[in-house]
Amino acid sequence: RCLVEGKCKVLVVEDDSLQRELLLEILREQGFEVWGAGNAEQGIKLFKKHQPHVVITDGRLPGMDGLS
């Protein structure tokens, strides 16, 4: 859907800042509109605010797993 309508929006939720920033940079270079969160709470807030097309999340986040 986003390929037809415009820029695809991606949210990355990863508590390891190095991995998060690397993935965000790669996605930016590929033309995606991206946001990054270091924990589940931040991820939920960003999800509600930006309504991304795709969420990439760590499976083991502090306080809440990635599937929740």
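A residue counts as buried here if its relative accessible area is under 20%, as exposed if over 50%, and as partly exposed in between, using a 1.4 Å probe and protein chains only. Keep that in mind as we tour this predicted model, in which local features need pLDDT of at least 70 and side-chain atom pairs count only at pLDDT 80 or more, while totals for chains, interfaces and linings use all residues. Residues are numbered from 1 along each chain as its sequence is written, and side-chain values use heavy atoms, leaving out hydrogens and water.

## The overall picture

The chain has three helices and five strands; these are DSSP runs numbered from the N terminus, with at least four residues (H or I) for a helix and at least two (E) for a strand. Starting from the N terminus, the elements follow the pattern α-β-α-β-α-β-β-β. Of the 68 residues, 29% count as buried. Contact means heavy atoms within 4.5 Å. Among contacts with a separation of 6 or more, 61% join residues 24 or more positions apart.

## The sheet

Three strands form an open sheet in the order β2-β1-β3, with parallel pairing. Two strands pair if DSSP finds at least two bridges between them. Because β2 (33-37) and β3 (54-57) stand at the edges with a single partner strand each, one side of each has no neighbour in the sheet. On average, neighbouring strands are turned by 20 degrees against each other, direction ignored.

Strand β1 pairs with β2 over five bridges and with β3 over four. Val10 stands opposite Val34 in β2, and the bridge partner of Val12 in β3 is Ile56. Helix α2 packs on this sheet, touching β1, β2 and β3, and its direction makes about 175 degrees with that of β2. Such angles run from 0 to 180 degrees between N-to-C directions, with axes fitted to C-alpha atoms, for helices over the stretch in contact. Four of the five residues of β1 are buried, so β1 is largely enclosed by the rest of the structure.

## Charged side chains

Side chains of opposite charge can pair when their charged atoms come close. A salt bridge is a side-chain nitrogen of Lys or Arg within 4 Å of a carboxyl oxygen of Asp or Glu. The structure holds two of them:

| Salt bridge | N to O distance |
|---|---|
| Glu21 and Arg20 | 3.9 Å |
| Arg28 and Glu25 | 3.7 Å |

Arg28 is partly exposed at 41%, and Glu25 is partly exposed at 37%.

## A buried glutamate

Glu14 sits in the loop between β1 (9-13) and α2 (17-29). The Glu14 side chain does reach the backbone nitrogen of Asp16 at 2.9 Å. Beyond neighbours within four places in sequence, the residues in contact with Glu14 include Arg20, Asp58 and Leu61.

Leu61 belongs to strand β4 (residues 60-61) and is buried at 9% relative accessibility. Its C-alpha atom is 6.4 Å from that of Asn39, 22 residues away along the chain.

How values were computed:
A polar contact is a pair of N or O atoms within 3.5 Å; within protein, one must be able to donate a hydrogen and the other to accept it, and residues adjacent in sequence count only if both atoms are side-chain atoms.
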